[in-house]
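Colleague: Could you walk me through how one reads the surroundings of a single side chain, and then the packing and ring pairs around it?

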Amino acid sequence: MSTVYQIPWERSMHLGVACFLLLALCLICAKESDRKAVVFSTRADADVKVDTDPASPLWRNAHPVFAEVDNQGRLEPEYRTEVRSRWTKNNIYFLFICPYKHLYLNPRPDSLHETYELWKWNVAEVFIGSNFQNIKRYKEFEISPQGEWVDLDINVDNPRHEEGWVWNSGFEHAARIDESKHVWYTAMRIPFVALDVPKVAAGQQFRVNFYRTEGPPGGGKEVMWRPTMSKTFHAPESFGLLKLVAK
């Protein structure tokens, strides 16, 4: 004969309360995660020259986010990179503030011409797309601490998506290294038309992720805003959202 065990009413009540609290905590964590997955780009009055000074009027009113995890979501506090964004009717701006230990730089930098395979050196990168139907189509923008640059029209379905570097966005950029503070800065101004959006307004959203690299291949660091859970940066399913907001 089998024995039926009954949980006392008090224990059942406590178990139910514990399950409820656990569910509530999970919902709170999920909402917090969703909140952190949005970066807000604040409207600016007018277009200005690309500026790498965080204290300038362009950047003072920006809402920062931080690229501070590796591809598995583990914190990299020593390389916590601040990213700010502003927008006007014609352009979107980004500023990276990158603390560094050891930079791995191209010994023959060329800041006047596009540098193919710039990703082999230390860079800051914006991946941004306006296509929500095909998330594998987006744009990539890279700047090195020395002011080298490359922009790419990415189609992840293309086995050689790096071939998109022949595309030209017309974006503007600047970079500088502050050796005394061990911080390097880069700023970008990207035309909305290059993102396949000729007209924008507050409330419009884009899919985005931010990355930077530190040190040599095989022995360096890869730091990002949203973890890719992959060995490649080209994981569009991991992107967060960028939302244009008014002042």
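Modeller: In this predicted model, one begins by listing what a residue touches beyond its neighbours within four places in sequence, and for His 234 that list is Phe 127, Tyr 138, Glu 140, Ile 154 and His 161. His 234 itself is found in the loop between β11 (221–224) and β12 (240–245).

Colleague: Is His 234 buried or exposed?

Modeller: Buried means under 20% relative accessible area, and His 234, at 16% relative accessibility, therefore counts as buried.

Colleague: With which side chain does the side chain of His 234 make a polar contact?

Modeller: The partner is the side chain of Tyr 138, at 2.6 Å. Tyr 138 also belongs to a cluster linked by ring pairs, together with Phe 127, Tyr 211, Phe 233 and Phe 239.

Colleague: Which residues touch the most other members of the largest nonpolar core?

Modeller: That core has 34 residues, and those touching the most other members are Ile 92, Phe 94, Phe 96, Phe 206 and Phe 210. Its largest share, 4 residues, comes from β4. Apart from this core lies another, of 12 residues, which includes Phe 127, Tyr 138, Met 224 and Phe 233.

Colleague: How many aromatic pairs does the structure hold, and what is the geometry of the one formed by Phe 96 and Phe 210?

Modeller: There are 15 aromatic pairs, and the one between Phe 96 and Phe 210 is edge-to-face, with 6.0 Å centre to centre and 80° between the planes. Because Phe 96 lies in strand β4 and Phe 210 in strand β10, this pair ties together parts that are 114 residues apart in sequence.

Conventions. Residues are numbered from 1 along each chain as its sequence is written. This is a predicted model: local features need pLDDT of at least 70, side-chain atom pairs count only at pLDDT 80 or more; totals for chains, interfaces and linings use all residues. Side-chain values use heavy atoms; hydrogens and water are left out. Helices (H or I, at least four residues) and strands (E, at least two) are DSSP runs, numbered from the N terminus. Buried means under 20% relative accessible area, exposed over 50%, partly exposed in between (1.4 Å probe, protein chains only). A polar contact is a pair of N or O atoms within 3.5 Å; within protein, one must be able to donate a hydrogen and the other to accept it, and residues adjacent in sequence count only if both atoms are side-chain atoms. Contact means heavy atoms within 4.5 Å. A nonpolar core is a set of buried Ala, Val, Leu, Ile, Met, Phe, Trp, Tyr and Cys residues joined through side-chain atoms within 4.5 Å. Rings of Phe, Tyr and Trp (its six-membered ring) pair if their centres lie within 6.5 Å; planes under 30 degrees apart count as stacked, over 60 as edge-to-face and the rest as tilted.
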